[in-house]
Amino acid sequence: MNKMIIDTTHLKGRINRDLYGHFSEHLGRCIYEGLWVGTDSAIPNIRGFRKDVLEALQKIKVPTLRWPGGCFADEYHWMDGIGPKEKRKKMINTNWGGVIETNEFGTHEFLDLCELLECDAYICGNVGSGTVREMSEWVEYMTFAGESPMANLRRANGRDKPWKVPYFGVGNENWGGGGNMRPEFYADLYRQYQTFVRKYDGNSIYKIAGGAPGDDKNWTEVLMANAAKYMDGLSLHYYTMPGDWTYKGLAVDFPVSEWALVMKRSLYMETLINEHGTIMDKYDPAKRVGLILDEWGTWYEVEKGTNPGFLYQQNTIRDALVAGIHLNIFNNHCDRVRMANIAQVANVLQAPILTRGAEMILTPTYHVFDMYSVHQNAELVESRIECAGYGTEKEAALAAEIPCISGSVSTKDGYLNVSLCNLDHANAHEIECEFFGRTATASATTVIGRVLTGDAIDSRNTFEKPSTIIPKPFTDFSWTDGKLKVKLPARSVVTLLIKN
Ligand code: AHR
């Protein structure tokens, strides 16, 4: 029998709500169409932002939004995106489809969006093609309350009060699209640029250094050795794909073998956190510097007939599992991982939201963020899973590497929040939860259960059938001697809120 041992007497720290963050880049239809339609649009909007999308994002309590990229950030010149819209400079989005960027959505629009969502802004500055002065003035423009050239310019553009910008990233992927730098060079540039990211008027800014691609441990080593004391966070990017950069694999209509691969590669996130975390521990044993997973999620071949530079892909129950696995891993490593941002919030890569004209659908990934929102700012509870390997005989080779169940537990407001994923595409699995220190009496009424699953391995929501995959009430559990036996359907994500 698979087992989850839950020790409620052992709390392991707060799950920062920012682990549930999102990422919005000037890429494809993420900003334009996905979030912003403009005030003249026939699509219902609030100050230019789609009303349906705003409401959906408010429901999952988006804690943090990263902007303007990504690769785009290292070519973005913020002054082109302020002032009267008709006077804003147009530019080519060289990274993403070579389309015209109108700069209609700029600093004011982004920070207005964060205020509407009541979420924290995470701005990524331009190191690759920008200057120290440009970055410094951007921070002054956004956050300085007093009299100064940039604060006055902000006022002239209609915003008197400074905004809060709690998170600031100094460059993006500077080992690649952000300048093809060596880590030694970037570490020095980071030290220089961050000096001028000023904390005006007691405004606190958490400074994030650009981190490694996946398993490049040397990048983390060099950054930590040379710049740790100047940073609050160090980022790390990792995308899950069943193939490789030459052929990434399909989002739908994929073979079963690719289901298993995606599970395995999602679990690899834990290896990466452990490996990069071990390097960080060497220089920062107190874990002051946060590991910031500010780009994660699935990356498949784009949907047929769409612009290859727009990275539009469908989202299935497999992606829901990917989300559940990642969020469990982030929860379980909340001592080091302080923020994570799924790529990206709408219409790009593993998007929680897809739009088509005036229509919007919520993807299976969205529903996992909804179900898991109970973990935001909760206390992590010690838990351990002992379970069988994944799959049927055919996947026997993988079984040794892939546990069939992933999970995490937190506590908040008198509830234990247990989230469980059954990674097995074909078989239901039972798991027995054994508790230490739980005082409440066991009974069926003390549990609120929800389940997300689909009939096929690529079940999904479409504009024609938007509610194929939605969370349903879950009751397939029973109590015996204070232990909770749960039957997880094949390919499912389950959350149980248990009165403690
Ligand atoms: O999320 C898409 C792209 O992936 C980002 O722009 C870049 O940082 C990463 O390579």
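Modeller: Two strands pair if DSSP finds at least two bridges between them, with strands (E, at least two residues) and helices (H or I, at least four) being DSSP runs numbered from the N terminus. This is a predicted model, where local features need pLDDT of at least 70 and side-chain atom pairs count only at pLDDT 80 or more, while totals for chains, interfaces and linings use all residues. Residues are numbered from 1 along each chain as its sequence is written, and side-chain values use heavy atoms, leaving out hydrogens and water.

Biologist: Okay, which residue in strand 5 stands opposite Phe-23?

Modeller: Strand 2 and strand 5 pair in the parallel sense, over two bridges. Looking across from Phe-23 into strand 5, you land on Arg-66.

Biologist: Are the side chains of strand 5 buried or exposed?

Modeller: In a regular strand the side chains alternate between the two faces of the sheet. In strand 5 (residues 64-67), Thr-64 and Arg-66 sit on one side and Leu-65 and Trp-67 on the other. Both faces are covered, and with buried meaning under 20% relative accessible area (exposed is over 50%, partly exposed in between; 1.4 Å probe, protein chains only), these four residues are all buried.

Biologist: How many salt bridges are there?

Modeller: A salt bridge here is a side-chain nitrogen of Lys or Arg within 4 Å of a carboxyl oxygen of Asp or Glu. Counting by that rule gives a total of 31.

Biologist: How many residues apart are Asp-120 and Arg-17?

Modeller: Their side chains meet in a salt bridge at 3.8 Å, N to O. Asp-120 belongs to strand 8 (residues 120-125) and Arg-17 to the loop between strand 1 (2-14) and strand 2 (21-23), so the pair links distant parts of the chain. Asp-120 is partly exposed at 23%, and Arg-17 is partly exposed too, at 23%.

Biologist: What about Asp-112 and Arg-47: how many residues separate them in sequence?

Modeller: They form a salt bridge with closest N and O atoms 2.7 Å apart. Asp-112 lies in helix 2 (107-117) and Arg-47 in the loop between strand 3 (45-46) and strand 4 (49-50), so the bridge ties together parts whose separation in sequence is 65 residues.

Biologist: And which of those two is buried?

Modeller: Arg-47 is partly exposed, at 46% relative accessibility. At 16%, the buried one is Asp-112.
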